[in-house]
Amino acid sequence: MTLSEFFAMGGYAFYVWTSYGLTLIVLLANIIIPIWQRKQFLRSLALKQQRSKQ
Amino acid sequence: MFLIPDFVGRFFHRMASPPHFYAFTEKLMPWLVVLFLLVTAAGLYGGLYLAPSDYQQGDSYRIIYIHVPSAWMSLFIYIMMAVAGGIGLVWRIKLAEIVAISSAPVGASFTFIALVTGSLWGKPMWGTWWVWDARLTSELILLFLYLGVIGLYGAIDDKRVASKAIAILALVGVVNIPIIHYSVEWWNTLHQGPTVTKMDKPSIHVTMLVPLLLMALSFKIYYVIAMLQRARVELLQRERNAQWVKNMLAEKQ
């Protein structure tokens with residue numbers, strides 16, 4: 001099997017790769033969003049703590 | 001309690017303590033990610049490259065390696081959410097409440113993936129993106145249940161009260177789970193019947209079955225990773241005034 005045959009997916013490339021691509025995006029978002037939210041929240045907490053000390 | 005070994009009981013008791021949970025999940029995360037990447041790589045290699053084409057569906061069937069595990073996860077996570085919600089409701093364990101709400105977005109995502117990949121598979125095979133049949137409709141209702149849980153939780157400011165509310169909603173919605181599972185047997189439907197869960201004689205060849213099971217395992221590990229990431233945010237937000245959070249911030253500065 002050549003690489004182009006692999007990507008062609010027997011003529012179903014659009015359906016197969018759209019499925020896999022979309023899944024990748026959704027699964028990545030579910031990891032990146034909470035990590036980003038946690039960092040943001042910790043930053044805002046640290047700021048508050050500093051302000052209360054002054 | 002005599003059925004549960006002592007060390008298991010101790011483990012859960014310690015995990016219910018917020019600072020311990022937060023520190024433990026941080027240490028666990030890299031191991032989970034490595035395991036996830038290995039299992040996923042093996043599953044995708046087996047499913048997209050090693051497994052042969054289907055004699056009826058050609059290569060379009062390869063959507064099965066994400067569609068079916070996603071659909072399984074949509075049910076599995078719902079049950080986890082309802083059980084964790086129920087435990088929170090009865091024993092008022094904060095960590096159980098957090099696991100329940102942190103499962104909801106991951107479950108909703110898998111439900112969404114199952115619906116969309118099903119649609120992308122249905123178009124070339126059935127000739128239509130969507131039909132209002134029992135399997136598809138009950139899975140769509142599952143998505144609305146997840147979104148209802150997320151919306152309800154967001155609408156109530158007191159998170160202890162919000163957790164009670166979503167636990168009740170999740171437990172009532174459990175009715176939908178057997179309906180989804182048996183829909184292809186109870187009603188005439190365009191959706192094909194089960195191929196794997198007929199354990200005595202699965203109607204799927206082993207070269208296709210092994211990658212499918214690997215992907216199912218991969219998505220299970222993924223659920224743990226994504227749910228724990230959400231749980232860590234939720235925990236910090238609820239415990240913002242606790243001494244351990246203050247100590248942790250002080251150490252970082």
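Analyst: One term to settle before the helix pairs: axes are lines fitted to C-alpha atoms, for helices over the stretch in contact, and angles run from 0 to 180 degrees between N-to-C directions.

User: OK. At what angle do H5 and H7 of chain B pack, and how far apart are their axes?
Analyst: This is a predicted model. In it, helix H5 (residues 134-155) of chain B packs on helix H7 (residues 176-186) of chain B at about 165°, and the axes are 8 Å apart. Angles over 145 degrees count as roughly antiparallel, so H5(B) is roughly antiparallel to H7(B).

User: Which residues of H5(B) and H7(B) meet?
Analyst: On the H5(B) side they are Ala134(B), Arg135(B), Ser138(B), Glu139(B), Ile141(B), Leu142(B) and Leu145(B). Their partners in H7(B) are Asn176(B), Ile179(B), Ile180(B), Ser183(B), Val184(B) and Trp186(B). By class, that contact has 8 nonpolar, 3 polar and 2 charged residues.

User: Left-handed or right-handed crossing for H5(B) and H7(B)?
Analyst: The crossing of H5(B) and H7(B) is left-handed.

User: Let me back up. How many helices and strands does chain B have?
Analyst: Chain B has 9 helices and 0 strands. Its C-alpha atoms fill a box of roughly 60 × 45 × 35 Å along the principal axes.

User: What share of chain B is buried?
Analyst: Of its 253 residues, 35% count as buried. As for contacts in chain B between residues at least 6 apart in sequence, 76% join residues at least 24 apart.

User: And what confidence does the predictor give?
Analyst: The average pLDDT of chain B is 91, and 96% of the residues score at least 70. For the complex, the predictor gives an ipTM of 0.93 and a pTM of 0.92.

User: How many residues are in contact between chain A and chain B?
Analyst: There are 23 residues of chain A in contact with 30 residues of chain B. The side of chain A that touches chain B divides into 15 nonpolar, 7 polar and 1 charged.

User: Back to helix pairs. What about H3 and H6 in chain B?
Analyst: Helix H3 (residues 64-91) and helix H6 (residues 159-173) of chain B pack at about 135°, with axes 8 Å apart. H3(B) and H6(B) are therefore oblique to each other. Their crossing is left-handed.

User: Which residues make that contact?
Analyst: From H3(B), Met81(B), Ala82(B), Gly85(B), Gly86(B), Gly88(B) and Leu89(B). From H6(B), Ser163(B), Lys164(B), Ile166(B), Ala167(B), Ala170(B) and Leu171(B). The contact of H3(B) with H6(B) comes to 7 nonpolar, 4 polar and 1 charged residues.

User: How do H2(B) and H8(B) pack?
Analyst: H2(B) and H8(B) pack at about 155°, with their axes 8 Å apart. That makes H2(B) roughly antiparallel to H8(B). The crossing is left-handed, and the contact has 21 nonpolar, 7 polar and 1 charged residues by class.

User: There's a proline in H2(B). Which one, and is it buried or exposed?
Analyst: Pro30(B) lies in helix H2 (residues 18-50) of chain B. Pro30(B) counts as exposed because it has 9 C-beta neighbours inside 10 Å, and 12 or fewer is the cut-off for that class. The C-alpha atom of Pro30(B) is separated by 9.6 Å from that of Ile225(B), 195 residues apart along the chain.

User: And Leu228(B), buried or exposed?
Analyst: Leu228(B), in helix H8 (residues 206-238) of chain B, is buried, with 20 other C-beta atoms within 10 Å. The C-alpha atoms of Leu228(B) and Thr40(B), 188 residues apart along the chain, are separated by 19 Å.

User: Last topic, backbone angles. Which residues other than glycine have a positive phi?
Analyst: Among them are Met9(A), with phi near 50°, and Arg92(B), with phi near 55°.

User: Where do they sit?
Analyst: Met9(A) is in the loop between helix H1 (3-8) and helix H2 (13-53) of chain A. Arg92(B) is in the loop between H3 and helix H4 (94-126) of chain B.

User: Buried or exposed, each of them?
Analyst: Met9(A) counts as buried, with 20 C-beta neighbours inside 10 Å. Arg92(B) counts as exposed, with 12 C-beta neighbours inside 10 Å.

Technical notes. Residues numbered from 1 in each chain as written. Chains lettered and ligands numbered in written order. Predicted model: local features only at pLDDT ≥ 70, side-chain atom pairs only at ≥ 80, totals over all residues. pLDDT = per-residue confidence, 0-100. Contact = placed C-beta atoms within 7 Å. Nonpolar A, V, L, I, M, F, W, Y, C, P; charged D, E, K, R; others polar. Helix = DSSP H or I, 4+ residues; strand = E, 2+ residues; numbered from the N terminus. Parallel < 35°, antiparallel > 145°, perpendicular 65-115°, else oblique. Left-handed = near helix turned anticlockwise from the far one by under 90°.
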